[in-house]
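Please look over the structure shown below before reading the report that accompanies it.

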Amino acid sequence: MTNVVRYLTHPQVNIDPSIPVPRWGLSAVGKARTEAVTITGSLSATTRVVSSGERKAIETAEIIAAKLGVDVEVCEAMHENDRSATGFLVPDEFEAVANQFFGHPRISVRGWERAIDAQLRIVQEVERVLAHDRPGDVLLVGHGGVGTLLYCHYSGFEIARAHDQPAGGGCFFAFRLHDRRVLHAWRRLEEL
């Protein structure tokens, strides 16, 4: 049997411009979406849940891990691309800067971490996590930006926003553990 690794992005969050983005938590909708997937049993073969250190990812991972009866492993280096130079941006401005981030991966856009650096970081951290081979599937819980960079890497694609998750978050892609072959592109959490 082939073990599967799923990379899941956190769903909807409580947006509060007065709080640093890494400390945002899940909204009621985000929590409900996550709780709903735990009822399906589709993650029953998952023996490891590994989360970014950001609050919204940890909250997502904890809901799922509690149902599976496993602990959450927190990996700080799985954080979203560093956008602290700008902090919160209103949605239209954020989308424009995100387009530049993916469109010019070798340039720091407005002080953001470069896409190529964020990609190298997330790939190295995921590979470090997966080097500890254990039976069962693995669930990685993180973020849309670095998740897209990870998806591009394992799919053999150049960095491009065309490979980004659908809007709203709470999406996942999957790949085989033994050879890192991508099994499918982004799907909504509800398709688990």
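Predicted model: local features only at pLDDT ≥ 70, side-chain atom pairs only at ≥ 80, totals over all residues.

## Nonpolar cores

The largest nonpolar core comprises 32 residues, and those with the most contacts inside it are Val126, Leu130, Leu140, Leu150 and Phe175. Two or more residues each are given to this core by the strands β1 (4-9), β4 (137-142), β5 (171-176) and β6 (182-188), as well as by the helices α3 (91-103), α4 (115-130) and α5 (144-155). The largest share, seven residues, is that of α4.

Leaving aside residues up to four places away in sequence, Phe175 touches Asn3, Val4, Val5, Val126, Leu130, Tyr154, Arg180, Arg181, Val182 and Leu183.

## Arginine 180

Arg180, one of the residues that Phe175 touches, is placed in the loop between β5 and β6. Its side chain is joined to that of Glu127 by a polar contact of 2.8 Å. With residues up to four places away in sequence again not counted, Arg180 touches Glu127, Leu130, Tyr154 and Phe175.

## The largest pocket

The largest pocket, with a volume of about 1100 Å³, is lined by 42 residues, of which His10, Trp24, Glu80, Arg83 and Phe94 lie nearest its centre. The elements that give two or more residues to this lining are α3 and α5, and the largest share, six residues, comes from α3. By residue class, the lining divides into 20 nonpolar, 14 polar and eight charged residues.

Key:
Residues numbered from 1 in each chain as written. Heavy atoms only, no water. Core = buried A, V, L, I, M, F, W, Y, C linked by side-chain atoms within 4.5 Å. Buried < 20%, exposed > 50% of the residue type's maximum accessible area, 1.4 Å probe, protein only. Helix = DSSP H or I, 4+ residues; strand = E, 2+ residues; numbered from the N terminus. Contact = heavy atoms within 4.5 Å. Polar contact = N/O pair within 3.5 Å; in protein donor to acceptor, adjacent residues only side chain to side chain. 1 Å grid on protein atoms, 1.4 Å probe; cavity = no way out; pocket = protein on both sides within 12 Å on 5 of 7 lines; lining within 4 Å. Points joined across faces, edges and corners; volume = space filled by probe spheres on them. Nonpolar A, V, L, I, M, F, W, Y, C, P; charged D, E, K, R; others polar.
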